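Morning, everyone. Please have a look at the chain on the screen, and I will walk you through it.

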Amino acid sequence: IPMSILVNSRDEMHNLGRELGSKLGKGDILLLNGSLGAGKTSLVQGIGEAMGIYGITSPTFVISRFHPAETPLIHVDAYRLLDSAHRKFEFDDLDLDTSREKAITVIEWGGALAPLLDSDFLQIRIDFGEGDDDRILTVTPHGLRWQGVKI
């Protein structure tokens, strides 16, 4: 069952990411969808901060970034992958130094990709709200892992 969360500033988005990051564990997959500038990277920065990772930037041009930590963070921007000729995405195509099961994976623009990776994932859609800084997050859990998890 999807839940909605209203966020009124970039700081609130960052804090929500920190709260979410404290609940994540190895093997978790998050999908972030929303317009450019909606706050996807701000949310990931908060997630990273909860994991002791700082300096997170959008992986738009490199497609993926690996952030080492006790539990590593894999941050993927799938926007260009969705337009590629090779539409059958496999996690191994990213050629990372760790397996998905040992890390937390956050995929921006990943709406079509997570079901190819796993049946357990958390989908977050970020839409612009009424005010300039207002965002509405629609959080949809998929699979057993996310049943009963509150954000």
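**A buried aspartate and its partner**

Let's start with Asp 28. Asp 28 is buried, because its relative accessible area is 5% and buried means under 20% relative accessible area, exposed over 50%, partly exposed in between (1.4 Å probe, protein chains only).

A word on where this comes from. This is a predicted model, where local features need pLDDT of at least 70, side-chain atom pairs count only at pLDDT 80 or more, and totals for chains, interfaces and linings use all residues. Residues are numbered from 1 along each chain as its sequence is written, and side-chain values use heavy atoms, with hydrogens and water left out.

Which side chain does Asp 28 meet in a salt bridge? Arg 145, at 2.8 Å, N to O. A salt bridge here is a side-chain nitrogen of Lys or Arg within 4 Å of a carboxyl oxygen of Asp or Glu. This pair links distant parts of the chain, 117 residues apart. Asp 28 sits in the loop between helix 1 and strand 2 (29-34), Arg 145 in the segment after strand 7. For those names, helices (H or I, at least four residues) and strands (E, at least two) are DSSP runs, numbered from the N terminus. Arg 145 is partly exposed, at 29% relative accessibility.

**The other bridges**

How many salt bridges does the structure hold? Four. One of them joins Glu 49 and Arg 18, at 2.4 Å, N to O. That pair also links distant parts of the chain: Glu 49 is in helix 2 (residues 40-50), Arg 18 in helix 1 (residues 10-21), 31 residues apart. Glu 49 is partly exposed at 23%. Arg 18 is partly exposed too, at 31%.

Arg 125 and Asp 127 form another, with the closest N and O atoms 3.2 Å apart. Arg 125 has a relative accessible area of 38%, so it counts as partly exposed. Asp 127, at 27%, is partly exposed.

Seven of them form an open sheet, in the order 1-7-6-2-5-4-3, and the pairing is mixed. Two strands pair if DSSP finds at least two bridges between them. Strand 1 and strand 3 (64-67) stand at the edges with a single partner strand each, so one side of each has no neighbour in the sheet. From one strand to the next, the twist averages 20°.

Strand 1 pairs with strand 7 in the antiparallel sense, over five bridges. Leu 6 stands opposite Ile 136 in strand 7. Strand 7 (residues 135-142) also holds Thr 140. Buried or exposed? Thr 140 is buried, at 19%. Leaving aside neighbours within four places in sequence, Thr 140 is in contact (heavy atoms within 4.5 Å) with Pro 2, Phe 121, Leu 122 and Gln 123.

**The helices**

Helix 1 lies across strand 1, strand 2, strand 6 and strand 7, at about 135° to strand 1. Helix 2 lies across strand 2, strand 4 (73-77), strand 5 (104-108) and strand 6, at about 155° to strand 2. Axes are lines fitted to C-alpha atoms, for helices over the stretch in contact, and angles run from 0 to 180 degrees between N-to-C directions.

Back to helix 1. Its buried residues include Met 13, Leu 16 and Leu 20.
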